[in-house]
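Student: I have not seen this structure before. Could we go through it by question and answer?

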Amino acid sequence: LNKMASQRSFVMDFVNKENSQPNSSGHTNLQDAFAKFRKDRKADMKRRMESEQKSREEKCDPIKMETLRGRFVEQAKKYIGVPYAKRYHEPDSPTFHSKLFLDCCGLVRKCMKDLESEFGFRMGPWNQAYQYDTLPIKLSGPSEMKPGDLVFVSAIYNCPRKKKQKHSMVHVEIWLGEEEKTIGARWQKRFVEIHDSYTYVSKSYHSMEYHFRSIDTWLQGICKSFCPEHPWLVRSKYKPGKHSIFCPSDQQQDAEGEASDQEENPPIITGDQEENPPIITGDQEKNPPLIAGDQEENPSDNNTCDPSDHITRSDNPSSSNQTPDLKISEETGSPFQHSKPKQIPSVGNSSPSGAVGLVKSKSKVLKSVKVKFYIGGNNGANLVDQVLVAKGWERIRDKQSTDFFLKWVEIKSQIHYGSFKEGCQIVNHFPNIGILTTKVGLLDSLRNYSRLHSKVAAGFDINNFYPETFRLDVMQEREDFTARWKAGDKWICKPNGQNQGKGIFLVESVDHLLDVLKADDSRSTPSKRSPARIVQCYIEHPLLLNGRKFDIRSYMLLVSGYPYVVLYHPGYLRLACERYSLESKDLSVHLTNQYVQKKREDYQHVKEDTVWSYQQFQQYLDDHHSKEEIPENWVEVGLKDKMKKIMLTCFQSVQRKLQRKLGFFDLLGFDFMIDENFKVWLIEINVNPALHTNCEVLQGIIPKLVHNTIDVAVDVFERCKYGKALPPLAGCYGDYELISK
């Protein structure tokens, strides 16, 4: 006991607080000792915070940032030759027993660890998806890249059993700044090495997309997740909050000031709020979301995002007393979510005020909320806006905002798929829809599908419905075309990723075509290549209507549900203003789309006759063709059935390649032609089809098409989210017909 007593350093004196002098033994009481410890600790923390702030300011110096960027690149070069992974090397090889192995993200992580003191932080242990989330500065392409910046690759694994990465991110490399050279570890190469280009072909995944990110954020000493979906929590040094006893004095005073302000200015409750609290009927108490179906009263939290993130409270104070005309389904376990359901608002329809029912757990307080949407571009923007505003939704204008439920844009680059919240948001484009809607993408998809299909079903040939086509960006196919060319043949050349007839011309000769390709090559630069081109056999003898050429614009609505939902819409006919002549040099004679036709001087006088309905078409056939030539009612029993079969084939060719998430949908424009023998041909598929209403026929078709498209997308989304069976669909959404589910 005497030994233990001699080791004690403090005595506790709760009676006489003012007696702070050392006692007869020379010991200090506990209160004073702790006060001194607290004072020293606060001073130390304040010095550390000031030092960190000064360090961050120094790191923002452009010269120091560029110096550190160069150090990062040089550090990466030191690991050239390091093997990728042990399993890719033979047991008897020297590399099998290497002390260090680096994969793509391991190389970046290793360089950052080596330079940890200079960067001022320790990078987390996760893969390339984590690194992607910590670099928010997006670059448009190679022309903006600096040495040390990172190139990320997202793709879909060929093997369905392979675990999907966050953001589908599968690879990362370091940009060297010498043309398109990068340094990285590719498993095919089996070592860290310098690559001549950041692009490559993989045997493990497909649908590759490249993402360019600046490392300026790291150079400024910041490494945290900027992705709302993936926080990537990293343990950091303890930083006291404002109310901590170790908080520096100046911050603690600010906190006390805020607290006093809150006490002096309590939340104000108006008389209307007190007199008219939210009303909940007896039925609502029994079944809280009166609007439909029972929901759990006490849903537990899960790892999905809250749809209330994309809604705002209604400005209508009485909306909380109304019963919204909505449907909220009971979540019974959807195919993509295995956690307990969460209370969310339904968005299929709405009350006149735009209120959407939302019941808070246990409290049963009914709140009024509005669903947010964003529209980008001008194509059909007014029609989409009218439909959604009529539902009571609220339009937002900030194109960078992720606080939306539905986003409708013209091009998919306006959608940030990295921050897309599956099961909580809807967007109108698939990320890699180009494998179906670009000229090269469609050709390659149909060819691959034909090769696979011909092994199990003899006689399948895409040339039965798709004109013979060659890729001019592939040298072997270019040579095949020149060998195929015959004097007098008609071919048409089209650029890969354009629409509205831009860049299209009739091929007069092989020499003419080669001159165009040489001109394309001369304009190409490493940062901006000329678009690839295809050359397609021209349908020389099309079916004519009053001597004019025409094509058919029909639609396919593709909705990513469980399963996919694929719908067909018949659309309308597009006619040329001028009579058809095979020898004419006027493109408006050969191209029938409205963008080309409206450039003619006589368009305003004849525009109503440039768009026909199917009823007009059938009437023309009845008046000008006998039953011996075509069956009765051929448009309904022959033409539409053939177009639907071609559409289904096109979808099946990419079904396993599309990047699929609940909330993706796409409205595609299919262009068909009919030759003089009544054979139906697919010409091309367009993303973002024109939604103009400048003709009477279009005014009767397009607004309904837009309205039904949105209804289908939202309804399928809600039913799939809650694991409910899909509706019959037939006859429920205007002229849409189901061709696959």
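Student: Among contacts in the chain between residues at least 6 apart in sequence, what share joins residues at least 24 apart?
Tutor: This is a predicted model, in which local features need pLDDT of at least 70 and side-chain atom pairs count only at pLDDT 80 or more, while totals for chains, interfaces and linings use all residues. Residues are numbered from 1 along each chain as its sequence is written, and side-chain values use heavy atoms, with hydrogens and water left out. A contact means heavy atoms within 4.5 Å. Of the contacts between residues at least 6 apart in sequence, the share that joins residues at least 24 apart is 67%.

Student: What percentage of the residues in the chain is buried?
Tutor: Buried means under 20% relative accessible area, exposed means over 50%, and partly exposed lies in between (1.4 Å probe, protein chains only). The chain has 741 residues. Buried residues make up 48%.

Student: How many helices and strands does the chain have?
Tutor: Both are DSSP runs numbered from the N terminus: helices are H or I with at least four residues, and strands are E with at least two. The chain has 21 helices and 25 strands.

Student: Is H167 buried or exposed?
Tutor: H167 is in the loop between β4 and β5. H167 has a positive phi of about 60° although it is not a glycine, and most residues other than glycine have a negative phi. At 14% relative accessibility, H167 counts as buried.

Student: Is E179 buried or exposed?
Tutor: E179 is in the loop between β5 and β6. Its positive phi is about 55°, although E179 is not a glycine. With a relative accessible area of 68%, E179 is exposed.

Student: How many residues of strand β20 are buried?
Tutor: In a regular strand the side chains alternate between the two faces of the sheet. From β20, R548, F550, I552, S554, M556 and L558 point one way and K549, D551, R553, Y555, L557 and V559 the other way, and all are buried. For strand β20 (residues 548-559), the count of buried residues is twelve of twelve.

Student: Which residue in β23 is the bridge partner of V559?
Tutor: β20 is joined to strand β21 (residues 565-575) by nine bridges, running antiparallel, and there V559 stands opposite V565. β20 also pairs with strand β23 (residues 665-674) in the antiparallel sense, over eight bridges. In β23, the bridge partner of V559 is F665.

Student: Which backbone oxygen does the side chain of N428 reach?
Tutor: N428 is in the loop between β14 (426-427) and α12 (434-437), and N428 is buried, with a relative accessible area of 5%. Leaving aside neighbours within four places in sequence, N428 is in contact with K407, W408, V409, I415, F665 and D666. At 3.0 Å, the side chain of N428 reaches the backbone oxygen of V409.

Student: Within what arc do the buried residues of α14 fall?
Tutor: In helix α14 (residues 475-484), E477, R478 and F481 are buried. The arc is that of the directions from the helix axis to the C-beta atoms. Seen down the axis, the buried residues line one face of the helix, because they fall within an arc of 105°.

Conventions. Two strands pair if DSSP finds at least two bridges between them. A polar contact is a pair of N or O atoms within 3.5 Å; within protein, one must be able to donate a hydrogen and the other to accept it, and residues adjacent in sequence count only if both atoms are side-chain atoms.
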